[in-house]
Amino acid sequence: INKTYVFTGCRAKDDLKEDITNNGGVIEDRIKKGVTHLVVKDGNYKHTSKVKAAISKGIQIITLDSIS
């Protein structure tokens with residue numbers, strides 16, 4: 001996969017974390033260089049500092065449902 005995820009407003013369940021890491025993905029705690037996706041609970045997310053950082057860095061914002 002070679003994707004790096006940050007979760008905000010939701011948490012990845014253990015099976016999802018395992019699936020991501022088993023397929024070459026990485027889960028980080030904060031937005032930083034190399035992050036490819038910000039995962040939000042749903043489409044009604046607030047513009048938190050993580051969301052604003054993702055937007056400013058061009059990081060794709062996706063919903064939890066789209067990867068679980």
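**Close-up views of a predicted model**

D19 is partly exposed, with a relative accessible area of 42%. Here buried means under 20% relative accessible area, exposed means over 50%, and partly exposed lies in between (1.4 Å probe, protein chains only). The structure is a predicted model, in which local features need pLDDT of at least 70 and side-chain atom pairs count only at pLDDT 80 or more, while totals for chains, interfaces and linings use all residues. Residues are numbered from 1 along each chain as its sequence is written, and side-chain values use heavy atoms, with hydrogens and water left out.

**View A. A patch of negative charge on the surface gathers D14, D15, E18 and D19.** Patch members have over 30% relative accessible area and no salt bridge; like charges are joined within 9 Å, and nonpolar side chains (Val, Leu, Ile, Met, Phe, Trp, Tyr) within 5 Å. Asp and Glu count as negative and Lys and Arg as positive, with His and the chain ends not counted. Each charge is placed at NZ of Lys, CZ of Arg, CG of Asp or CD of Glu. Areas come from the Shrake-Rupley method with a 1.4 Å probe; for residues, only the protein chains shown count as cover. D14 sits in helix α1, residues 14-22. Helix α1 also holds D19. Helices (H or I, at least four residues) and strands (E, at least two) are DSSP runs, numbered from the N terminus. D14 counts as exposed because its relative accessible area is 63%. From D19 to T4 the C-alpha distance is 13 Å, across 15 residues of sequence.

**View B. Strand β1, residues 4-8, is largely enclosed by the rest of the structure, because five of its five residues are buried.** T4, V6 and T8 point one way from β1. Y5 and F7 point the other way. In a regular strand the side chains alternate between the two faces of the sheet. β1 runs parallel to strand β2 (residues 26-28), joined to it by three bridges. Two strands pair if DSSP finds at least two bridges between them. Opposite Y5 stands I27 of β2.

**View C. Strand β3 pairs with β1 in the parallel sense over four bridges.** L38 of β3 stands opposite V6. Strand β4 (residues 60-63) also runs parallel to β3, with four bridges joining them.

**View D. G25 lies in the loop between α1 and β2.** G25 counts as buried, because its relative accessibility is 7%.

**View E. K32 and E28 meet through their side chains in a salt bridge, at 3.2 Å from N to O.** A salt bridge is a side-chain nitrogen of Lys or Arg within 4 Å of a carboxyl oxygen of Asp or Glu. By this rule the count is one. Side chains of opposite charge can pair when their charged atoms come close. K32 is partly exposed, with a relative accessible area of 30%. E28 is also partly exposed, at 24% relative accessibility.

**View F. K33 is placed in the loop between β2 and β3 (37-40).** K33 is exposed, because its relative accessible area is 85%. K33 and K46 are 13 residues apart along the chain, and their C-alpha atoms are separated by 22 Å.
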